[in-house]
Amino acid sequence: MTEAFLPFAKPSLDQAAFDEVIDCLKSGWLATGPRVKQFEEMLAHYLNVPHALALTSATAGLQLSLLAIGLKSGDEVITTPLTFVATLNTIAINGAKPVLVDIDPATYNINVERIEAAITERTRAIIPVHFAGLPVDLDPLYALAEKYQLRVIEDAAQAIGAKYKDRLIGSFGDIQVFSFHPNKVITTGEGGCVSTRDENLAKQISVQRFHGIDREAWNRFSKNGSQHYDVIAPGFKYNMMDLQAALGIHQLAALESIIEKRTLLAKRYYEKLSGWPELTLPTLPAFSHRHVWYIFAPLINPEAAGMDRDDFILAMKEQNIGIGLHYEPAHLYTYYQQQFGYRSGDFPQAESVGSRIVSLPLFPDMTLEDQDRVINKMAVVFKRK
Ligand SMILES: *Cc1c(COP(=O)(O)O)cnc(C)c1O
């Protein structure tokens with residue numbers, strides 16, 4: 001009997017979420033409405049911030065955040081080359097330049113010590129990315145931002161529930177952007193949100209996510225609402241649907257147990273794979289933190305493994321195991337080379353990690369037997385005895 005294909009990620013949705021979606025469909029309110037409002041209140045409460053704004057994606061959140069801080073053509077924004085390309089795309093599409101700073105090869109996060117040297121008169125903001133759900137070292141980063149009067153937009157797409165020291169990511173600083181894509185820690189299908197303590201930023205993001213209209217759309221149709229509205233800025237169509245929020249309400253309620261399961265699986269990978277010369281396991285920083293294990297991403301050591309990363313992914317696929325790739329460094333993409341002159345060799349740590357990194361299967365509904373199967377198949381692929 002052949003075993004079923006095991007994907008590297010899969011959303012874990014419970015019966016309450018399924019029921020909520022059916023209730024939402026039956027209610028007739030599919031677009032932004034009471035369930036989005038409830039989800040936003042839950043997010044704001046969980047993150048302990050005054051403003052949590054639900055959106056269609058984290059990409060939309062990055063775009064709206066960059067507009068809200070007043071990013072202009074010719075500005076520079078400092079970020080990492082080891083991220084999903086949306087981080088860079090949203091900078092570039094506004095006519096600004098993503099100025100990249102190499103990663104710390106231990107944590108795969110931006111090397112905060114190297115940021116200061118990249119700051120120029122054009123620098124407007126820093127976008128740290130909490131890679132895999134492990135927080136960037138934020139105290140020195142925010143100290144720099146204050147010294148140079150820079151905005152910080154945390155790309156927390158992978159990091160809902162993560163803690164820096166004892167503080168939840170999203171509960172301090174300027175703006176955080178979260179993703180609820182199906183592969184992420186929790187999901188609404190597509191979806192995302194922005195959290196901020198800043199009233200003005202919240203107002204602008206709220207207005208520009210819906211055509212620049214200065215009022216929640218659903219008020220207009222409620223008993224006390226009027227059909228009139230004003231437009232105070234050009235805006236997008238980035239509002240979350242109630243159908244999405246129906247999932248989010250129950251995913252957020254399950255977040256702590258989801259993080260527990262992700263952490264258990266990560267710990268077991270550390271236990272079972274430690275000492276394998278074919279792999280370099282991820283390193284954890286010295287500061288106290290809570291990692292949320294969006295992915296468990298070791299590096300393949302090609303010499304010891306007898307194969308490179310791409311061969312490993314193919315070999316595991318033949319064993320019915322899905323392996324993810326997060327990410328090849330963004331400065332190697334054609335657009336970023338042509339537009340900004342980036343070249344192979346510019347960020348050697350990101351290139352070394354990006355050419356060897358793999359994401360092993362890890363999702364809340366994965367069983368320990370599933371995980372043992374992954375490890376056994378890795379032993380087969382590496383021809384371990
Ligand atoms: C997934 C991801 C995004 C984009 O999230 P979407 O919700 O799919 O737009 C942005 N940045 C990082 C670091 C991500 O992992």
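A residue is near a molecule if one of its heavy atoms lies within 4 Å of it. The model is predicted, with pLDDT of at least 70 required for local features and 80 or more for side-chain atom pairs, while totals for chains, interfaces and linings use all residues. Residues are numbered from 1 along each chain as its sequence is written, and side-chain values use heavy atoms, without hydrogens and water.

**Ligand site**

Around the ligand there are 14 residues, the closest being Thr59, Asp155, Gln158, Ser179 and Lys184. By class, this shell comprises five nonpolar, seven polar and two charged residues; Asp, Glu, Lys and Arg count as charged, Ala, Val, Leu, Ile, Met, Phe, Trp, Tyr, Cys and Pro as nonpolar, and the others, Gly among them, as polar.

| Residue | Protein atom | Ligand atom | Distance |
|---|---|---|---|
| Ala58 | polar backbone atom | oxygen | 2.8 Å |
| Asp155 | polar side-chain atom | nitrogen | 2.8 Å |
| Tyr327 | side-chain N or O atom | oxygen | 3.2 Å |

Of the 380 Å² of accessible area that the ligand has on its own, the protein covers 94% (Shrake-Rupley method, 1.4 Å probe).

**Domains and cores**

An automatic or database assignment gives domain 1 (15-255) and domain 2 (256-381). Their centres, taken over C-alpha atoms, are 25 Å apart. In contact (heavy atoms within 4.5 Å) are 44 residues of domain 1 and 38 residues of domain 2.

A nonpolar core joins buried Ala, Val, Leu, Ile, Met, Phe, Trp, Tyr and Cys residues through side-chain atoms within 4.5 Å, buried meaning under 20% relative accessible area (1.4 Å probe, protein chains only). The largest such core has 70 residues, and Ile78, Ile115, Ile160 and Phe180 have the most contacts inside it. Because domain 1 and domain 2 both give residues to this core, it lies between them. Apart from it lies another core, of 30 residues, including Trp293 and Phe296.

Terms used. Buried means under 20% relative accessible area, exposed over 50%, partly exposed in between (1.4 Å probe, protein chains only). A polar contact is a pair of N or O atoms within 3.5 Å; within protein, one must be able to donate a hydrogen and the other to accept it, and residues adjacent in sequence count only if both atoms are side-chain atoms.
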